[in-house]
Amino acid sequence: MAGDVLESTLVHVPLEEVLSHLHRFDGIAQWGCGIVQDCYIENALPPDEVGAIRFIILQAEERLTLRERLVSVSRRKNKCTYTMATLPTEASPFPCLIHN
């Protein structure tokens, strides 16, 4: 039986710095802790528009990639939600929420 999983990370940087990266869905390479080699929006939408799909290339010996879809974004509430657009395994899609 599947259960809910919650993971939380505390980031020790000023909110303005976090938001400057968060509000660009394709900006994960700038804050992705050195594990992201490249990232771009593949469906020609603006990087802050719901429905944008980011293609992420991870730094690894093998070419590992992810595709994630922006589900919601709120500059007023400083949060965004995204989900996997395609899954690397048979896992179920899961939503991710980033907020202050």
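**Stop 1**

Select tyrosine 40. At 36% relative accessibility, tyrosine 40 counts as partly exposed (buried is under 20% relative accessible area, exposed over 50%, partly exposed in between; 1.4 Å probe, protein chains only). This is a predicted model: local features need pLDDT of at least 70 and side-chain atom pairs pLDDT 80 or more, while totals for chains, interfaces and linings use all residues. Residues are numbered from 1 along each chain as its sequence is written, and side-chain values use heavy atoms, with hydrogens and water left out.

The structure holds two aromatic pairs (rings of Phe, Tyr and Trp, the last by its six-membered ring, with centres within 6.5 Å; planes under 30 degrees apart are stacked, over 60 edge-to-face, the rest tilted). Tyrosine 40 belongs to strand S1 and phenylalanine 55 to strand S2, so the pair ties together parts 15 residues apart in sequence (strands are DSSP runs of E, at least two residues, numbered from the N terminus). Phenylalanine 55 is buried, at 13%.

**Stop 2: arginine 54**

Now select arginine 54, in strand S2 (residues 53–58). Is it buried or exposed? Arginine 54 is buried, with a relative accessible area of 3%.

Arginine 54 lies in S2 and glutamate 68 in strand S3, so the pair ties together parts 14 residues apart in sequence. Glutamate 68 is buried too, like arginine 54.

Show phenylalanine 25 next. Its backbone oxygen lies 2.8 Å from a polar atom of the arginine 54 side chain. The charged end of arginine 54 also sits over the ring of phenylalanine 25, 4.0 Å from the ring centre (CZ of Arg or NZ of Lys within 6 Å of the centre and within 35 degrees of the ring normal). Then show tyrosine 82: the charged end of arginine 54 sits over this ring as well, 4.7 Å from its centre.

Beyond neighbours within four places in sequence, arginine 54 touches residues including Ile28, Cys39, Tyr40 and Leu66.

**Stop 3: two further salt bridges**

The structure holds four salt bridges. Select arginine 67 and glutamate 42, whose side chains meet at 2.4 Å, N to O. Arginine 67 is in S3 (residues 64–74) and glutamate 42 in the loop between S1 (36–41) and S2, 25 residues apart. Arginine 67 is partly exposed at 22%, and glutamate 42 is partly exposed at 33%.

Move on to arginine 75 and aspartate 48, a salt bridge at 3.5 Å, N to O. Arginine 75 lies in the loop between S3 and strand S4 (79–86) and aspartate 48 in the loop between S1 and S2, so the pair ties together parts 27 residues apart in sequence. Arginine 75 is partly exposed at 48%; aspartate 48 is partly exposed at 36%.

**Stop 4: alanine 44**

Finish in the loop between S1 and S2, at alanine 44. Check the backbone. Most residues other than glycine have a negative phi. Alanine 44 is not a glycine, yet has a positive phi of about 60°. At 76% relative accessibility, alanine 44 counts as exposed.

How values were computed:
Helix = DSSP H or I, 4+ residues; strand = E, 2+ residues; numbered from the N terminus. Polar contact = N/O pair within 3.5 Å; in protein donor to acceptor, adjacent residues only side chain to side chain. Contact = heavy atoms within 4.5 Å.
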